[in-house]
Amino acid sequence: MRWLLACSCLIAGLCAGPAVAAQAPEQAAKAAAPLATPMAPASLQFVAEHPVEGMPSGNLSGLALCGNEMWTVSDRDDDRLYRLLIDETPGKAWQATAEPFVVPGTPESGLSWGTRARVSIGGLLRGGAMDFEGISCDQAGNRYVVSEGYAAVLLLPAVGEPSWLPLPQNLLRQARASGLLMEFNALYEGIAISADGKQLWLAAERQRRGLLKVHNENGTWKCDGNCVMLSEGGTALPPPELGAERALPIDFSDLALYKDKLFTLERLAHQICRRDAKTGAQELCWSFAAGALAPERRYDLPYGVAEALILDDQGAWIGLDNGEHARADGDGRPYVLRFAAPAGGWLGGK
């Protein structure tokens, strides 16, 4: 999630490592250009909202449904997951129960020394150096948590100790060659794993945003040719309810895999988009702006706070990472919103 360090300039000065390669001028121009206005997506019907209690640090930043259990992570907590007790009674508060774990050291993902130092200092200042931004699980009950801070994936197995996935060494190089993962605090923001645990998708957040994929072949994680499925830049105006006067960078804030289709949560646009799981090509989008931006649910922010996504046959669960901000009705707790599936289901339409 977007967070601001009060002494970011000082940190940059003290901890600057090797500079990240600059984008080519033509690529930067494309990234800065507003996207063409597409046809307005159909609106999802709002069903209910559930405040979440028991997450002292707040910052709900990922959701996963593992069997009948719902799990979430906070980007301010490096040592625990939270299990949510689901009660679909409209307005019912959900209780979060912590499951602690021990992170097995710092992963080697190819980030520069300077970037790693900034992450470490940022974690000391705000909490959450790992910056866990997403969670997914396979049918065996293994949980996979993505660290934005270190551009890595932590495996929390159903049995055994946590370990960092040995992702391909060329993953970061290929991502940056495509213009992804170039901005500090704008690295991996979403994750999805196939039911058999053999295919893994990652979402690069913004400036540029993108989708990456790796697969497990005989115990070794590899790219099938190019790791990067999609890389795109550009800006767009937020929904008019936010009253924004300037365009902001387009983004991805989470991923969900549903019946072999990949779905992206797009925070700025307040929409969910169905995509081809092999190419990342967009197929159809649905807006959740009407429900999420009802007057009492708005935050005094120029961008969205939707950070977590689960899809099922009945609809979508969308988790909100409100940081330390209270919404218009004064409630500062994290929320999970429920929306009904579109007519014809998530796989209907063109």
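Tutor: Begin with burial. Buried means under 20% relative accessible area, exposed means over 50%, and partly exposed lies in between (1.4 Å probe, protein chains only). This is a predicted model: local features need pLDDT of at least 70, side-chain atom pairs count only at pLDDT 80 or more, and totals for chains, interfaces and linings use all residues. Residues are numbered from 1 along each chain as its sequence is written, and side-chain values use heavy atoms, with hydrogens and water left out.

Student: Is C137 buried or exposed?
Tutor: C137 counts as buried because its relative accessibility is 13%. C66 also counts as buried, at 13% relative accessibility. Over the chain, 56% of the 350 residues count as buried.

Student: Which cysteine is the partner of C137 in a disulfide?
Tutor: The general idea is a distance test: a disulfide is a pair of cysteine sulfur atoms within 2.5 Å. C137 pairs with C66, and their sulfur atoms are 2.3 Å apart. The torsion about that S-S bond is about -120°, so the disulfide is left-handed.

Student: Which strands hold C66 and C137?
Tutor: Helices (H or I, at least four residues) and strands (E, at least two) are DSSP runs, numbered from the N terminus. C66 lies in strand β3 (residues 60–66) and C137 in strand β7 (residues 132–137), so the pair ties together parts 71 residues apart in sequence. The chain has 5 helices and 24 strands.

Student: How many disulfides does the structure hold?
Tutor: It holds 3. One of them joins C223 to C227, with an S to S distance of 1.7 Å. The link of C223 and C227 is right-handed, with 80° about the S-S bond. Both C223 and C227 are buried.

Student: What can be said of C273 and C285?
Tutor: C273 and C285 form a disulfide, with sulfur atoms 1.9 Å apart. Their link has 105° about the S-S bond and is right-handed. C273 lies in strand β20 (residues 271–275) and C285 in strand β21 (residues 282–287), so this pair ties together parts 12 residues apart in sequence. C273 counts as buried because its relative accessibility is 0%. C285 is buried too, with a relative accessible area of 10%. With the bonded cysteines numbered in sequence order, the pairing is 1-2, 3-4, 5-6.

Student: Which residues of the largest nonpolar core touch the most other members?
Tutor: A nonpolar core is a set of buried Ala, Val, Leu, Ile, Met, Phe, Trp, Tyr and Cys residues joined through side-chain atoms within 4.5 Å. Of the 26 residues in the largest one, V153, L165, L171, L181, Y188, L200 and L212 touch the most other members. Elements that give two or more residues to this core include β9 (152–156), α4 (170–177) and β13 (209–217).

Student: What does L212 touch?
Tutor: Contact means heavy atoms within 4.5 Å. Leaving out residues up to four places away in sequence, L212 touches several residues, among them L171, Y188, L200, W201 and C227. A second, separate core of 25 residues includes A256, F263, I318 and F339.

Student: What share of contacts join residues at least 24 apart?
Tutor: Among contacts in the chain between residues at least 6 apart in sequence, the share is 58%.
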